[in-house]
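Hello,

Here is the structure I promised to pass on to you. Please open it alongside this email, and I will walk you through what turned up.

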Amino acid sequence: MSAASVMARVDRDRARSWLQDYGVYVGVAAIVLFNVVFTPGFVSLENFRVQAVQAAPIVVVALGMALVIATGGIDLSVGAVMALSAAFVSLYLGYGPLVSVLVALLVGAVAGAVNGTIVAVAGVQAIIVTLAMMIAGRGLALVLVPQLEGIRNPALREFGSGSVAGVPYVVWVAALMVALVLFLVRRTLFGRRLVAVGGNRRAAELSGLPVRRTLLLVYTLCGALAAVAGVMTTARLQASDPNSVGLLIELSAITAVVVGGTPLSGGRVRVAGTVAGAILMQLLVATLIKHNLPPSWTQMAQTAVIIAAVYVARERGRS
Amino acid sequence: MSTVTERVPGPGSESSRGVPVRELLQRHGALLVLAVVLVAAGVGLDGFLTAGNLNHVAVGSAFLAILALGMTFVIVTGGIDLSVGTNFALGGVLAAWASQYGSLAALALPLAVCGAIGLLNGVLIARARLAPFITTLATMLGAWGLMLSVSDEGNTTYLVPDGAVLTSLVHGRLFGVIGYPLLLVLVLFVIGGIALSRTGWGQNVYAVGGDERSAALMGVPVARTKTAVYTVSGLCAGAAGVLNAFWLGSGVTIFGIGIELQAISAVVIGGTLLSGGYGFVSGSFVGVMLLAVIQNIINTISGLTSAFQEVVSGVFLIVVVLAQSRLSRSRPRA
């Protein structure tokens, strides 16, 4: 191989690596720019607020997904867990909003813990475990709350649509979750371990890391975060709708994580990139809707974005 | 089938005497459970073990069986195809739409489009080396979007015109007993079984699933084999869609969402390992029948909702996968 071709290859690898790490920000900037120019009424405080509120659940779910993917796993059940938590909010509302929200969060954590236990202890592939949970979880939510149930509670309504200091509550909560996950990843032993498990599970085991406990905790956290998103959505809609809450959000979340620079093979996690990825997914859908394109276009556009993102991310995954 | 059994035991398996029993359970466990369930239901439920009801159960699960057949090949290569559910729905809508131009068009169009989606899956996975689950998750969404755009965002339900040749064929019965869809399924499974266990191509499928790198070093055309299995899976989804459209007389847009889990369940229940390299087509058929019989029993006993059935099938899948992981873990590892 000649020196020139080696240099060309190094350049290409560097470009690809840069694209993996920062492509998502370019994407967000591009779509914002497009909207500023072509979408009437995009630049307004009200619209920013709407976009932020709608992006909030995706961000929260994507955070949990990023942690799971960093361990080399996947969680397809996040949408179903959202539906479960929505169902429990409605079931326990009689005990007051606080109790119902806490129960919903607990249920999400338990669903995640079930995933985690089967993945970590029994060693079954995460995709199949969480696929089963995806079906069984939404089924259970529909058994408990068969159809849309309106939720009339002043506190929950305030949480869903109110704001403090001009920023909606749900956005505050999402920001809090981002801070929490950033703290976990950057400052705690747990954060180191989850990346180590994803990087090389055997090496992590051999060096004495509590691999199973880490995995269990990661899936539990992912379930709990999905439940937070479920509560957010329920509060915003003022209704518990297990049929449609969180439907297909696993796709947006996985895409957000991958677009954000976390490789599907694990061993690395990028929190800020994930948040940007989630915002990108929200803006993509919002742009297509604003330009009166039918839902079918949204789905096909999302397909293209997912495949492109995974394609760009693939090289590092093999190293 | 000897070719299949030969490649199962890992090195050193002869040292453990427990392996043959486990191997037997892994291979025929589903059949055993199916027999037990059939006998129990036959004793406990009136009118269950009649030719009419059994034919009803079998024909009703013909779509699932065809999907599971395609899925078997994919899973044996160590992959997964999550797009079959919406691809199947797309096939049904396309078949119903094209039926106005005759039965041949209704057959050809879905097979072409669904096969193309399968091919796209295969190319992305085998050539571009994308992870199977994310690729097929994306095309699941894409196939859904395509179906929605074909059916006017799901607002138009195309009807199959009365008197179509395929309609009478799909609803017909051989000797007045065995429904033709069941017959088609049996024929497809025999062809699939021969292709997987008796041909060089089938050996390639096993080799790719067993160890892709070794397979490549042995000269197995890995990329071509993988592309082929996803294309076959797409074609199966298209065929099942055609069958469904003519069975129901229309292209129902919501049918088929989530059916991919049932197809995967059936394959796994049938003894095929999700990790690839091991599995067989006949097991998937038994798996489909087992799922169908259990569903039939749930329906007969109490008018439980479909949501409840989803809970049961999710839990059932986990139980089976757990049992399998115990069985295969006790098998010595390379």
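In this predicted model, helix α1 (residues 3-38) of chain A packs against helix α12 (residues 271-290) of chain A at an angle of about 30°, and their axes are 9 Å apart. Axes here are lines fitted to C-alpha atoms, for helices over the stretch in contact, and angles run from 0 to 180 degrees between N-to-C directions. Helices (H or I, at least four residues) and strands (E, at least two) are DSSP runs, numbered from the N terminus. α1(A) and α12(A) are therefore roughly parallel to each other; angles under 35 degrees count as roughly parallel, over 145 as roughly antiparallel, 65 to 115 as roughly perpendicular and the rest as oblique. Among the residues making the contact are A:Val24, A:Val28 and A:Ile31 of α1(A), and A:Gly273, A:Leu280 and A:Thr287 of α12(A). Two residues are in contact if their C-beta atoms, placed from the backbone, lie within 7 Å. By type, the residues of this contact are eleven nonpolar, five polar and no charged. Ala, Val, Leu, Ile, Met, Phe, Trp, Tyr, Cys and Pro count as nonpolar, Asp, Glu, Lys and Arg as charged, and the others, Gly among them, as polar.

A housekeeping note: residues are numbered from 1 along each chain as its sequence is written, while chains are lettered from A and ligands numbered from 1 in the order in which they are written. As the model is predicted, local features need pLDDT of at least 70 and side-chain atom pairs count only at pLDDT 80 or more, whereas totals for chains, interfaces and linings use all residues.

The axes of helix α8 (residues 189-199) of chain A and α10(A) come within 10 Å and cross at roughly 105°, so α8(A) and α10(A) are roughly perpendicular to each other. On the α8(A) side you will find A:Phe190, A:Arg193, A:Leu194 and A:Val197, which meet residues of α10(A) including A:Val211 and A:Leu215. This contact divides into seven nonpolar, one polar and one charged.

Next, the core. The largest nonpolar core has 216 residues, and A:Val61, A:Ala62, A:Met65, A:Leu225, A:Val228, B:Ile66 and B:Leu67 touch the most other members. Such a core is a set of buried Ala, Val, Leu, Ile, Met, Phe, Trp, Tyr and Cys residues joined through C-beta atoms within 7 Å. A residue is buried if 20 or more other C-beta atoms lie within 10 Å of its own, exposed if 12 or fewer, and partly exposed in between. Helix α10 (residues 211-237) of chain A gives the largest share of this core, 17 residues.

A:Gln238 is not a glycine, yet has a positive phi of about 55°, and sits in the loop between α10 and β4 (239-240) of chain A. A:Asn292, also not a glycine, has a positive phi of about 60° and lies in the loop between α12 and α13 (295-318) of chain A. A:Asn292 is exposed, with 7 other C-beta atoms within 10 Å.

Finally, the two chains meet: 35 residues of chain A are in contact with 36 residues of chain B. On the chain A side, α5 (126-144), α11 (249-259) and α13 each give two or more residues, and α5(A) gives the largest share, 13 residues.

Enjoy exploring!
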